[in-house]
Amino acid sequence: MTGVTPAQLRDWISRFGALIDEHQAELTELDSEIGDADHGANMARGMHAVVAALQSDPPETPAALGRSVGMTLVSTVGGASGPLYGTFFLRLGTAAGDATTLDAAALGAALRAGVDGIIARGKAAPGDKTMVDALVPAVDAWDAAAPGGDPVAAADAAVAAASAGRDATIPLVARKGRASYLGERSAGHLDPGAASATLLLEALRDAVAAS
Ligand code: ADP
Ligand code: MG
C-alpha cells in the first residue's frame, strides 16, 4: 500500500489555495452575514503567501510541509481563522514525525492532531457553529474508512461528512468567535469557517485522487 507523498500534500495545499480563490467572494459574503466580511480575504491572503512559500522552498517531508504552511498562516492572517488553521498545520506536521509518506491511517492521525490543535486553541466544541463542526465529523469519517487502507475512500468519506457538518451549522446559534456577538441572530446562516474547512477536505480528496 503506497502512502500519500509530500508532492501530493503540496498539491493539496495548492488546490486549497485555488479553491479559496474560487470561493473567496462567497466566503466573504457568508462572513458579512454573521461576522465582519473578511473571511474570504483573510484566507486568500494567507493561502497566496503559503503557496508562494511552498514554491520557493518546497518541503520534502510531511512534517516540513506542516511547519511551513502553519507558520505562514499564523504570520499572514490577522483574523481568528489564521492562528486556527495555522495551528492545524503545525500540529499536523508534528504528528507526521519523520515519516516520508503517510498511509490512510497515518494521515488520519495527522488530521486528527490538527483538529485537536484547533479545539485546544479556540476552545470550540461541535455545535458551537465554527469550522470545528465540519472538521470533527470529517476526521471521524476518515478514521472510520481508513482501516480499508485506501486514502481516496477515506478522503471521500471525510468530504461528505464535512459538507454535512457545514450545512448543519445553518440553524445553530454561534457560541464562539465574532458570530457569537450576534446571539440568536446568528441562527439561519452558514458558518464561513465551516465552509472553508470543507474546501480544505475537498482539496485533499482531489489531490489524493489525482495521482
Ligand atoms: P474573524 O472572525 O477574526 O474575522 P475570520 O472571519 O477569518 O476571522 O474567520 C471566522 C471563522 O473562524 C468563523 O466562521 C469560525 O468558523 C472560525 N472561528 C472563530 N472563532 C473560532 C474558535 N474559537 N474556534 C474555532 N473556530 C473559530
Ligand atoms: Mg471575519
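Helices α1 and α3 run roughly parallel to each other, a description that applies to angles under 35 degrees, whereas angles over 145 degrees count as roughly antiparallel, 65 to 115 as roughly perpendicular and the rest as oblique. The model is a predicted one, in which local features need pLDDT of at least 70 and side-chain atom pairs count only at pLDDT 80 or more, while totals for chains, interfaces and linings use all residues. Residues are numbered from 1 along each chain as its sequence is written, chains are lettered from A and ligands numbered from 1 in the order in which they are written, and side-chain values use heavy atoms, with hydrogens and water left out.

The axes of α1 and α3 (residues 62–76) come within 9 Å and cross at roughly 20 degrees; axes are lines fitted to C-alpha atoms, for helices over the stretch in contact, and angles run from 0 to 180 degrees between N-to-C directions. Helices are DSSP runs (H or I, at least four residues), numbered from the N terminus. In the contact, defined by heavy atoms within 4.5 Å, Pro 6, Leu 9, Arg 10 and Ile 13 of α1 meet Pro 62, Leu 65 and Val 69 of α3. By class, this contact of α1 with α3 has 6 nonpolar, no polar and 1 charged residues, where Ala, Val, Leu, Ile, Met, Phe, Trp, Tyr, Cys and Pro count as nonpolar, Asp, Glu, Lys and Arg as charged, and the others, Gly among them, as polar.

The residues of the contact of α5 with α6 divide into 11 nonpolar, 1 polar and 3 charged. In the loop between α5 (104–122) and α6 (132–145) lies Lys 123, which has a positive phi of about 60 degrees although it is not a glycine. Lys 123 counts as exposed, at 60% relative accessibility, given that exposed means over 50% relative accessible area, buried under 20% and partly exposed in between (1.4 Å probe, protein chains only).

Ala 37, in the loop between α1 (6–34) and α2 (39–56), likewise has a positive phi, near 60 degrees, and is partly exposed at 34%. The magnesium ion (ligand 2) has Asp 31, Asp 36 and Asp 38 as its protein donors, each through OD, at 2.0 to 2.2 Å; donors are N, O and S atoms within 2.8 Å of the metal (3.2 Å for Na, K and Ca), and sites may look incomplete because water is not among the atoms.

Methods:
Helix = DSSP H or I, 4+ residues; strand = E, 2+ residues; numbered from the N terminus.
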